[in-house]
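Hello,

Here is the structure I promised to pass on to you. Please have a look at it, and then read on for my notes.

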Amino acid sequence: MNPYKSRLLEMKSALLEAQDTGDEAEQTVELDQTRVGRLSRMDAMQAQAMSVETGRRRRQKLVQIEAALKRIEADDFGYCQGCGEAIAPKRLEIDPTVRLCISCAAKNEL
Ligand SMILES: [Zn+2]
């Protein structure tokens with residue numbers, strides 16, 4: 001079994017767990033808005049915006065994890081989607097969802 005698979009599955013379940021608590025936080029903010037003052041309502045709205053952003057990033061990461069798991073299934077994992085070269089293991093250890101090697105990622109940022 002691909003050593004990155006268990007890592008990806010762990011990341012996935014951690015994110016799904018965080019998603020459950022995150023959704024609860026979003027709901028709490030909505031409920032609070034009806035009984036708090038203007039200033040704290042702004043705080044609450046800010047907190048909600050942050051929580052929405054966190055949720056958005058989390059969903060994006062989940063999509064990346066799913067894609068990485070599919071690449072493992074397809075035996076295509078660990079190869080750069082830009083140039084087809086193998087991605088450095090150290091890079092994959094930091095984030096197994098990366099799809100580009102260091103040089104392609106650098107080019108992408110330019
Ligand atoms: Zn590349």
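**What I found**

Cysteine 83 has a relative accessibility of 40%, so it counts as partly exposed; the label buried is for residues under 20% relative accessible area, exposed for those over 50%, and partly exposed for those in between (1.4 Å probe, protein chains only). Cysteine 104, at 8%, is buried.

Before going further, a word on the basis of these notes: this is a predicted model, in which local features need pLDDT of at least 70 and side-chain atom pairs count only at pLDDT 80 or more, while totals for chains, interfaces and linings use all residues. Residues are numbered from 1 along each chain as its sequence is written, and side-chain values use heavy atoms, with hydrogens and water left out.

Both cysteines belong to the zinc site. The protein donors of the zinc ion are Cys80 (SG), Cys83 (SG), Cys101 (SG) and Cys104 (SG), lying 2.3 Å from it; donors are N, O and S atoms within 2.8 Å of the metal (3.2 Å for Na, K and Ca), and water is not among the atoms, so sites may look incomplete. Along the chain the donors are spaced C-x2-C-x17-C-x2-C. Cysteine 83, in the loop between H2 and H3, and cysteine 104, in helix H4 (residues 102-109), link distant parts of the chain, 21 residues apart. The site is tetrahedral, with angles of 103 to 113° among its four donor atoms (four donors count as tetrahedral if all angles lie between 85 and 135 degrees).

As for the overall fold, the protein has four helices and zero strands; helices (H or I, at least four residues) and strands (E, at least two) are DSSP runs, numbered from the N terminus. Buried residues account for 28% of the 110 residues.

A search of the whole structure also turned up one aromatic pair. The ring centres of tyrosine 4 and phenylalanine 77 are 5.2 Å apart and the planes stand at 45°, so the pair is tilted (rings of Phe, Tyr and Trp, its six-membered ring, pair if their centres lie within 6.5 Å; planes under 30 degrees apart count as stacked, over 60 as edge-to-face and the rest as tilted). Tyrosine 4 sits in helix H1 (residues 3-32) and phenylalanine 77 in the loop between helix H2 (38-73) and helix H3 (89-94), so the pair ties together parts 73 residues apart in sequence. Both residues are buried.

Finally, confidence: the mean pLDDT (the predictor's confidence in each residue, from 0 to 100) is 87. Confidence is lowest in H1, at a mean of 79, and highest in H3, at 95.

Best wishes

Methods. Four donors count as tetrahedral if all angles lie between 85 and 135 degrees; four count as square planar and six as octahedral if opposite donors are over 155 degrees apart and all others between 65 and 115; anything else is irregular.
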